[in-house]
Amino acid sequence: MEVVIKENYQEMSKLAASMIAEVVRKKPRAVLGLATGSTPLGTYQELIRMHKEQGLDFSQVVTFNLDEYIGLPPEHDQSYHYFMQENLFKHINIPPGNIHLPPGMDEDLVAACERYEQMIRDAGGIDIQLLGIGANGHIAFNEPGSSLGSRTRVKALDKKTIEDNTRFFEHIDDVPKFAITMGIGTIMDSRRVVMLANKANKAHAIAITVEGPVTALVPATIVQLHPHATIIVDQDAASELKRAYEHTPRDLTEAIAYIRRQKQSS
Ligand code: GLP
């Protein structure tokens with residue numbers, strides 16, 4: 001697992017966007033796994049900038065979002081459908097038919113979850129999955145105690161998550177209590193995982209995720225078992241990490257460049 005500590009939110013977002021852009025440039029039909037929340041907003045702004053200024057092309061890209069609240073129609077301003085439309089999709093050239101979010105209004109939720117899994121498989125699997133992290137260590141809406149092998153399904157939201165989400169609604173009673181979420185097993189099937197965290201309120205969750213034991217009580221710890229996971233954090237979110245991560249090479253290219261520099265200087 002690669003841990004990259006960036007100076008600030010902007011640098012964290014730029015690195016995440018460049019990783020996604022690299023996948024899209026290499027594979028125009030890339031399948032992106034996307035996340036909502038305040039954390040990935042900067043990444044989306046950077047991708048929009050790359051699209052507008054550098055022509056980053058999303059015309060063949062396919063996306064699958066992690067989760068959606070149950071009971072909020074797509075046009076509700078707190079739905080994740082709306083969030084994604086406003087903060088990314090309407091600013092880039094992705095065809096609407098290539099966009100997928102779990103259907104939170106489908107009355108046959110069990111069938112809808114199975115269909116979502118099938119659509120991901122039919123698209124060839126997720127090439128790169130962007131992840132945020134909840135302050136309680138959840139990923140998507142896989143709350144503490146979620147099966148580490150779970151697939152897309154309905155989950156009741158944790159009390160802490162409902163409290164955290166209250167700020168977006170007029171009243172706590174308006175906050176959805178259920179969501180459809182990709183499972184932890186679904187997320188782990190992605191070829192690459194990029195987890196982002198900024199701000200001090202994520203420091204504890206990040207410390208446990210990176211340095212604690214893998215446990216269903218902190219679903220994010222599962223990324224330790226992913227063969228290609230990168231965790232990008234700002235200084236505040238890194239503040240409870242005990243080990244030093246400054247020298248982690250970002251990828252193979254950097255390691256090879258390092259060997260070359262060493263050879264030249266010897
Ligand atoms: C929600 C989402 C998660 C997200 C989390 C953190 O619970 N379902 O996918 O990671 O919020 O949100 P934020 O980035 O706003 O801290």
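Which residues are linked with Asp127 in a network of salt bridges? In this predicted model, where local features need pLDDT of at least 70, side-chain atom pairs count only at pLDDT 80 or more, and totals for chains, interfaces and linings use all residues. Residues are numbered from 1 along each chain as its sequence is written, and side-chain values use heavy atoms, with hydrogens and water left out.

The network joins Lys27, Asp127 and Arg191, a salt bridge being a side-chain nitrogen of Lys or Arg within 4 Å of a carboxyl oxygen of Asp or Glu. Within it, the side chains of Arg191 and Asp127 meet at 2.7 Å, N to O. Because Arg191 sits in the loop between helix H6 (184-188) and strand E9 (193-197), while Asp127 belongs to the loop between helix H4 (109-122) and strand E6 (128-131), this pair ties together parts that are 64 residues apart in sequence. Helices (H or I, at least four residues) and strands (E, at least two) are DSSP runs, numbered from the N terminus. Asp127 is buried at 9% relative accessibility, whereas Arg191, at 44%, is partly exposed; buried means under 20% relative accessible area, exposed over 50%, and partly exposed in between (1.4 Å probe, protein chains only).

A search of the whole structure finds twelve salt bridges, and two further pairs can be followed here. Arg115 pairs with Asp106, their closest N and O atoms being 2.8 Å apart; Arg115 is partly exposed at 43% relative accessibility, and Asp106 is partly exposed as well, at 24%. Lys90 forms a salt bridge with Glu86, with 2.9 Å between the closest N and O atoms, and here Lys90 is partly exposed at 47%, as is Glu86 at 28%.
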